[in-house]
Amino acid sequence: AVRADSATERVRQQVGALAAQDYRAGARPSLLDVLFTAQDPQDLLDRTAALDVVARGRVAALRRLADTRAVALDERARAEAAVDRQQQATAALHLARQRAERSAADAAAALAEVTATRDDVLGRLAALQHTSLALEQQRQQGLALDAAAQAAAWLARQRPAGQAPAAPAGPGSGEGDPNTSGSAGTAGGPPGGGASAAAGEAVVAWARGRIGLPYQWGGAGPDSYDCSGLTMRAWEQAGVELPHYAASQYAESEHVRYASLRPGDLIFYATDTGDPASIHHVTLYAGDGMMIEAPYTGATVRLAPVRWRDAMPWAGRP
């Protein structure tokens with residue numbers, strides 16, 4: 001468009017120069033003037049030809065001016081259309097950017113919602129794991145009630161007719177106090193000499209090989225264990241069969257004072273240490289004040305210091 005405008009301006013200047021030339025020269029003779037003033041035919045022909053040449057030159061100049069002006073107008077229209085298209089493209093780009101920003105905001109909101117949902121699910125999972133531990137304790141308590149009933153029935157069968165049942169020994173009651181010294185006793189359970197010290201050492205050695213395996217409710221190996229499943233499998237290595245219930249293991253083990261505790265003995269925990277039916281956990285004494293246990297859901301079999309809180313008055317020796 002700029003080049004067409006320049007060409008038009010050059011032609012316009014040429015036409016202007018012709019107009020200025022005519023002005024300076026005055027009025028040019030017309031064809032009639034030539035006819036009446038010609039001196040001879042040849043002069044007439046010469047002057048008529050000159051008039052025709054001059055006329056054709058001016059017409060050509062005016063045509064060039066019209067043509068270049070038309071080209072300039074066409075190029076200007078094309079330029080304006082190009083500018084309009086550019087403006088439309090800019091507007092479309094701006095709209096696309098706005099849509100992209102809205103999409104990014106929607107994606108961020110969706111991510112926040114997913115994150116919140118994930119956190120809620122994780123919280124619920126943690127609560128469910130805690131609930132499963134409570135259910136495990138309730139299961140153990142229920143099984144303990146059954147085991148205690150079986151033990152009571154066994155004692156009733158062993159007691160002579162007419163003899164009153166003996167009161168169970170508990171913490172602070174002298175003979176049954178786990179903190180008093182003395183030799184092993186058998187109060188509150190079936191009689192028996194219990195396994196040898198060598199068998200207990202072998203049991204502990206086997207249990208040490210299970211350290212690090214996951215706790216699983218009801219697990220009895222080989223890849224996961226619960227508390228009574230671990231002690232049952234450990235003593236199975238020594239040829240001793242134990243039930244898969246902590247309270248039943250207490251009922252079927254020889255009861256020994258803690259002063260006589262040795263590796264392989266079982267330590268039981270209860271919500272009421274005066275009531276064997278409330279036993280909910282059992283561990284394996286490893287010596288030197290340490291024990292091996294499968295503690296709870298989410299943990300692994302581990303070696304830990306003996307905990308005396310909530311421990312039953314007697315340890316157990318299968």
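Q: Which residues does Gln-249 touch, not counting residues up to four places away in sequence?
A: In this predicted model, Gln-249 touches Ser-228, Thr-231, Met-232, Leu-242, Pro-243, Leu-266, Phe-268 and Val-282. Gln-249 itself is found in helix 6.

Q: Is Gln-249 buried or exposed?
A: A residue counts as buried when its relative accessible area is under 20%. Gln-249 has 0% relative accessibility, so it is buried. Its side chain also makes a polar contact of 2.8 Å with the side chain of Thr-231.

Q: Where is Thr-231, and which residues of helix 5 are buried?
A: Thr-231 is one of the buried residues of helix 5, together with Cys-227, Ser-228, Gly-229, Leu-230, Met-232, Ala-234 and Trp-235. The general idea for a helix is that residues three or four places apart point the same way, because an α-helix has 3.6 residues a turn. Here, though, 8 of the 10 residues of helix 5 are buried, so the helix is largely enclosed by the rest of the structure.

Q: What is Leu-266 in contact with, leaving aside its neighbours within four places in sequence?
A: Its contacts include Thr-231 and Trp-235, then Leu-242, Gln-249 and Ser-253, and also Val-282, Thr-283 and Leu-284. Ala-315, Gly-316 and Pro-318 are in contact with Leu-266 as well.

Q: Where is the place of Asp-265, and with which side chain does it make a polar contact?
A: Asp-265 sits in the loop between strand 1 (254-256) and strand 2. Its relative accessible area is 1%, so this residue counts as buried. A polar contact of 2.8 Å links its side chain to that of Arg-317. Beyond four places in sequence, Asp-265 touches Val-256, Ser-260, Thr-283, Leu-284, Tyr-285, Gly-316 and Arg-317.

Q: How do strand 3 and strand 4 pair, and how many bridges join them?
A: Strand 3 (residues 279-287) and strand 4 (residues 290-293) run antiparallel and are joined by 3 bridges. Leu-284 has Ile-292 as its bridge partner. Strand 4 also pairs with strand 5 (residues 302-305), in the antiparallel sense over 4 bridges.

Q: What should I look for in the backbone angles of the loops?
A: Asp-288 has a positive phi near 55°. This residue belongs to the hairpin of strand 3 and strand 4, which has 2 residues between the strands. With a relative accessible area of 79%, Asp-288 is exposed. Asp-310 likewise is not a glycine but has a positive phi of about 65°, and its place is in the loop between strand 5 and strand 6 (315-317). Asp-310 is partly exposed, with a relative accessible area of 39%.

Q: Where is there a cis peptide bond?
A: Look at the bond from Gly-221 to Pro-222, which is cis with omega near 0°. Pro-222 lies in the loop between helix 4 and helix 5.

Q: In what order do the elements of the protein chain run?
A: The chain has 6 helices and 6 strands. From the N terminus on, they run α-α-α-α-α-α-β-β-β-β-β-β. Of the contacts with a separation of 6 or more, 64% are between residues 24 or more positions apart. Buried residues make up 30% of the 318 residues.

Technical notes:
Residues numbered from 1 in each chain as written. Predicted model: local features only at pLDDT ≥ 70, side-chain atom pairs only at ≥ 80, totals over all residues. Heavy atoms only, no water. Pairing = 2+ DSSP bridges. Buried < 20%, exposed > 50% of the residue type's maximum accessible area, 1.4 Å probe, protein only. Contact = heavy atoms within 4.5 Å. Polar contact = N/O pair within 3.5 Å; in protein donor to acceptor, adjacent residues only side chain to side chain.
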